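This briefing is meant for a reader who is meeting the structure for the first time. Please look over the sequence and the model before turning to the points below.

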Amino acid sequence: MISSEHQRTFLERVQTRTARLGIIGLGYVGLPLAVVFAEAGFHVVGIDLDTRKVAALTHGESYIEDIPTARLAPLTHAGRLVATSDFAALRECDAVSICVPTPLRKTGDPDISFIIAATEQIAHYLHPGMLVVLESTTYPGTTTEVILPRLSAHEAALRVGEDFFLCFSPERVDPGRTDWTTVNTPKVMGGVTPQCLQAGLALYGAALQTVVPVSSTEAAEMTKLLENTFRAVNIGMANEMLLMCERLGLDAWEVIEAAATKPFGFMKFTPGPGLGGHCIPIDPLYLSWKLRTLNYRAQFIELASEINTAMPRYWARKVQDALNEVSKAIKGSHVLVLGVAYKKDISDMRESPALDIIHLLQQQGALVSYHDPYVPSFHYERIVMECVADLDAALTSADCVVVATDHSAYDWAAIGRQARLVVDTRRVVRKPALGG
Ligand code: SAJ
């Protein structure tokens, strides 16, 4: 492969750990990435518009559960990792990774405005020998159709693959996980040109254990969407299994647990309150949106989304039915929701289906309170809900308890004994009994 002078210089700076790395977006993806590169010996500058994040990092304090302050502080105190809101810091950077959110618009279309804003800042400071890596999950084509033209429009007419390098490398952070982390989770990397790929592999390979090259940035973008669409569709199927088992008079969790005893050819997914998080409910819709522009309807994605988004309403109806069984109207009944985070053992509430369940119950006149060991209070529909202070008292006084998030901290057997009525979206209070 012909390498330009700029590429040789870049590779040498990576080799000697003198390369300076910028990370745009210091959230649950960007901050762990910044820490890992700083620990690998690179000088890292984190850039975030949220001055509170910048202030916290400057004081060596972490705000991300996966990165304890004790791990962060030595890096910031040693000046290996610095934080700023000033994009001019990119002028000194040899590489920059974009780790900004990719939400949906109210219309349900992809919102890549954060990617575009970051790209336009990078274009200001783009210089020969610079590597740009997009990590944010997005539809196939974003890197070459949206980022590349904005960088190539640079007044110095820098050439991709010769003067600067452009890659896509999807994040694979599973918040709260400790077995698979940013360092040891294999990282897929695609480059606009072979020289770009080589630059990306060299830099990420210097800090991460495994980097997996693919043939293009589109292949890398699609890899991530396959991973998360796989989850959304299988979770949708698990939820439909619940609906089917109910009509057959079967226990869906028992059937799923039994199927999970198959040591090959099966992967367990379980029904739940719906799809939470900022990835699984959203990423597949980036893919279906892109395919619609190519006149193709991604049927599995649309069907899974339909089933998953209907689950909060299914569970709210279960509460009404359970109260009805004990001759209580839902209106005026006290309902306690256990867990409002979108999944167990974390505090993140983004897209949490528990919020939809609360909203639906309140719409029917229920008096809803919540408990969550990770969420002391939250704003919802212009109201502030506070976590109940006395869980035992709340359990015994509630007309119905809804298990929305199966945090490990709960004593589910005790909850089963104390609660008058339980609607269990996670099937943790009464575990499915295999063998009848
Ligand atoms: N859920 C179910 N049933 C299941 C599994 C999950 O109802 O069988 C629900 C969860 O409660 C949650 C939602 O689906 O509300 C998403 O769950 P998740 O486990 O996929 O969690 P995320 O979104 O935090 O993280 C996922 C990563 N998860 C795993 O690999 C286990 C991974 O897919 C990505 O690295 C990450 O999204 C991302 O950032 O893309």
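What follows takes up the domains, then the place of the ligand, and then its surroundings.

The model shown here is a predicted one. The domain assignment of the protein gives two stretches, domain 1 (5-215) and domain 2 (252-424), and because both of them give residues to the shell around the ligand, the ligand lies between them.

**The two domains**

- The C-alpha centres of domain 1 and domain 2 are 34 Å apart.
- Where the domains meet, 18 residues of domain 1 are in contact with 16 residues of domain 2.

**The place of the ligand**

- The ligand takes up the space of the largest pocket.
- The shell around the ligand draws on domain 1 (5-215) as well as on domain 2 (252-424), which is why the ligand is described as lying between them.

**The residues around the ligand**

- The ligand is surrounded by 20 residues, of which the closest are Lys 224, Asn 228, Arg 231, Thr 270 and Tyr 342.

**Polar atoms and burial**

- A polar atom in the side chain of Glu 171 lies 2.9 Å from an oxygen atom of the ligand, and an N or O atom in the side chain of Arg 426 is likewise 2.9 Å from an oxygen atom of the ligand.
- In the case of Gly 276, a backbone N or O atom lies 2.9 Å from an oxygen atom of the ligand.
- Taken alone, the ligand exposes 740 Å², and the protein buries 88% of that area.

Note on methods:
Residues numbered from 1 in each chain as written. Predicted model: local features only at pLDDT ≥ 70, side-chain atom pairs only at ≥ 80, totals over all residues. Heavy atoms only, no water. Near = heavy atom within 4 Å. Polar contact = N/O pair within 3.5 Å; in protein donor to acceptor, adjacent residues only side chain to side chain. Areas by Shrake-Rupley, 256 points an atom, 1.4 Å probe, with all protein chains shown as cover. 1 Å grid on protein atoms, 1.4 Å probe; cavity = no way out; pocket = protein on both sides within 12 Å on 5 of 7 lines; lining within 4 Å. Sits in = over half its atoms within 2 Å of the grid points. Domains from an automatic or database assignment. Contact = heavy atoms within 4.5 Å.
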